[in-house]
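Let us take a walk through this structure together, one chain at a time.

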Amino acid sequence: MMICEGEAGGDYHALMTEALHRLLLERGVLEPADVDRLIAQLSKPNREWGARLIARAWMDADYKARLLADGRAAGAELGFSIKEAQIIVLENTPGLHNLVVCTLCSCYPRSLLGQPPWWYISKTYRARAVREPRAVLAELGYPLPEGVRVRVHDSNADMRYLVLPMRPEGTEAWDETRLADCVSRDAMVGAAPARVIWETVQQAASDPTQA
Amino acid sequence: MTGYHDIGGKAAGPMIKLDPQPAEWAMLSEALRNAIQQKHRNISLDELRRTFETMGEELYNSLGFYERRVAAFARLLDEKGIVGLDETLARMDAIAAARGQRVNHAAMNVEPA
Amino acid sequence: MPRFAAGDRVRILDLPKTGHIRVPDYVRGAVGAIERHCGTYANPEELAYGRPDPARVDLYRVRIAQAALWAGAPASDELDIEIYDHWLEPVA
């Protein structure tokens with residue numbers, strides 16, 4: 001029996017959310033300030049936060065060692081207060097490719113990266129990634145070369161994961177900001193390589209201080 | 001047997017690499033739940049998961065991700081005596097009526113009145 | 001003192017437990033090796049029912065050969081998963 005994605009009930013659940021919002025405020029369970037604070041809190045973490053950890057690790061071997069040993073502490077060093085119990089950082093190499101999935105629900109390092117990508121929380125991904133990671137990666141536009149080992153991580157309990165993708169070629173002279181631009185959310189779960197971003201290259205071309 | 005949500009290794013269709021932003025209401029529902037967790041410490045993510053794992057396979061299969069989360073949230077609030085599910089449904093009816101709409105709870109639709 | 005150390009061979013049990021369980025069906029009965037001890041955490045099986053003072057349990061990452069889980073999987077590939085202590089037994 002095939003897993004069905006199911007996308008029904010948007011308007012209905014939008015209305016349910018509105019009803020709950022009003023009832024919770026009327027009952028005094030929450031104040032408007034509580035809700036505002038949480039909306040702000042949930043919308044702050046984003047791709048760039050995780051990308052900064054990756055870029056710093058590419059530039060600084062000692063930081064990279066600390067990041068691989070304890071992702072949460074390494075994030076705190078850069079000022080990120082990670083709420084999850086631990087972040088395990090997985091280094092991708094030419095010989096080993098790491099891929100992260102939560103088969104049971106949608107576990108993801110939200111306090112660092114924000115909400116997970118839609119496709120990551122799709123039932124299709126949750127069902128197939130553990131069993132046929134190479135096919136899934138190919139369908140996501142990232143076919144792996146021959147000879148690479150694949151290690152899939154099911155994020156099913158208290159740990160959360162961050163993939164450290166390989167640094168793109170030709171970026172040796174780049175600063176941290178430009179390096180961070182190469183790191184997508186998809187790359188940080190192992191679903192895409194870190195990529196040189198064309199706009200970044202164009203900026204460099206017009207900036208005589210960057211080789 | 002862990003449950004109908006335990007789908008690791010099952011057959012499924014092709015990967016569709018879309019990444020739409022969550023709707024505003026989806027972020028609001030996450031904010032409401034997190035706000036209660038932080039302020040009152042009387043609901044937890046584990047309880048939320050247990051709720052959507054037991055609210056029925058039909059619902060689990062037909063609803064999208066954030067839809068499932070808020071459906072479970074409403075049920076958990078009812079279980080805890082914080083907001084009754086019947087009150088939530090009645091409020092939905094009232095809000096809809098004021099907009100010239102009608103709620104079909106069985107079909108989980110909002111229709112013109 | 002955690003029961004297992006990195007490298008220990010373990011089997012993931014198929015306990016007839018109901019309720020909120022974080023052990024997927026696809027790894028039940030599988031044999032693998034402890035990759036690391038992750039720490040001690042409140043048992044989600046109890047947290048899920050709001051029980052006061054939930055037991056704290058050791059959590060481990062277990063590394064399993066994909067070939068042990070799925071027929072025809074590449075021999076080089078692996079699956080790492082987090083399993084609580086009471087779902088594990090030592091394997092000689």
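How many helices and strands are there in chain A? The model, which is a predicted one, gives chain A 10 helices and 4 strands. If you follow the sequence, these elements come in the pattern α-α-α-α-α-β-β-α-α-α-β-β-α-α. The C-alpha trace of chain A spans about 60 × 45 × 35 Å along its principal axes. Chain A has 211 residues, and 47% of them count as buried. Now look at contacts between residues of chain A that are at least 6 apart in sequence: 69% of these join residues at least 24 apart.

Next, turn to chain B. Here you will find 5 helices and 2 strands. Starting from the N terminus, they run α-α-α-α-α-β-β. The C-alpha trace of chain B spans about 45 × 35 × 30 Å along its principal axes, and 44% of its 113 residues count as buried. Among contacts in chain B between residues at least 6 apart in sequence, 36% link residues at least 24 apart. Chain B also has two domains in the assignment, domain 1 (24-82) and domain 2 (84-113), and their centres, again over C-alpha atoms, are separated by 19 Å.

With both chains in mind, we can see how they meet. The contact between them takes 53 residues from chain A and 51 residues from chain B. On the chain A side, α1, α2 (32-43), α7 (123-128) and α8 (133-139) each supply at least two residues. The largest share of that side, 15 residues, comes from α1(A). Sorted by class, the side of chain A that touches chain B has 29 nonpolar, 12 polar and 12 charged residues.

Helix α1 of chain A (residues 10-26) packs with helix α1 of chain B (residues 24-40) at an angle of about 35°, and their axes are 9 Å apart. The crossing of α1(A) and α1(B) is left-handed. From α1(A), the residues Ala14(A), Thr17(A), Leu20(A), His21(A) and Leu24(A) meet Trp25(B), Leu28(B), Ser29(B) and Leu32(B) in α1(B). The residues of this contact divide into 6 nonpolar, 3 polar and no charged.

Now stay inside chain B and find another pair of helices. Helix α2(B) (residues 45-54) packs with helix α4(B) (residues 65-79) at an angle of about 105°, with 9 Å between their axes. Angles of 65 to 115 degrees count as roughly perpendicular, so that is how α2(B) and α4(B) stand to each other. Glu47(B), Leu48(B), Thr51(B) and Phe52(B) of α2(B) make this contact with Arg68(B), Ala72(B), Phe73(B), Arg75(B) and Leu76(B) of α4(B). By class, the contact of α2(B) with α4(B) has 5 nonpolar, 1 polar and 3 charged residues.

Is α2(B) largely enclosed by the rest of the structure or largely open? Of its 10 residues, 8 are buried, so α2(B) is largely enclosed. The buried residues are Asp46(B), Glu47(B), Leu48(B), Arg49(B), Arg50(B), Thr51(B), Phe52(B) and Glu53(B). They pack against α1, α3 (57-62) and α4 of chain B, together with α1 (44-47) of chain C. After α2(B) comes Gly56(B), whose phi is positive, near 120°.

That brings us to chain C, which also touches chain A. This contact takes 16 residues from chain A and 15 residues from chain C. Strand β3 of chain A (residues 149-154) gives the most to the chain A side, with 6 residues. By class, that side has 7 nonpolar, 4 polar and 5 charged residues.

Our last stop is His86(C), in the loop between β4 (78-84) and β5 (88-90) of chain C. With 16 other C-beta atoms within 10 Å, His86(C) is partly exposed. His86(C) and Ala65(C) are 21 residues apart in sequence, and 21 Å apart in space from C-alpha to C-alpha.

Notes. Residues are numbered from 1 along each chain as its sequence is written. Chains are lettered from A and ligands numbered from 1 in the order in which they are written. This is a predicted model: local features need pLDDT of at least 70, side-chain atom pairs count only at pLDDT 80 or more; totals for chains, interfaces and linings use all residues. A residue is buried if 20 or more other C-beta atoms lie within 10 Å of its own, exposed if 12 or fewer, and partly exposed in between; C-beta atoms are placed from the backbone. Two residues are in contact if their C-beta atoms, placed from the backbone, lie within 7 Å. Axes are lines fitted to C-alpha atoms, for helices over the stretch in contact, and angles run from 0 to 180 degrees between N-to-C directions. A crossing is left-handed if the near helix is turned anticlockwise from the far one by less than a right angle, and right-handed if clockwise. Ala, Val, Leu, Ile, Met, Phe, Trp, Tyr, Cys and Pro count as nonpolar, Asp, Glu, Lys and Arg as charged, and the others, Gly among them, as polar. Angles under 35 degrees count as roughly parallel, over 145 as roughly antiparallel, 65 to 115 as roughly perpendicular and the rest as oblique. Domain bounds come from an automatic or database domain assignment.
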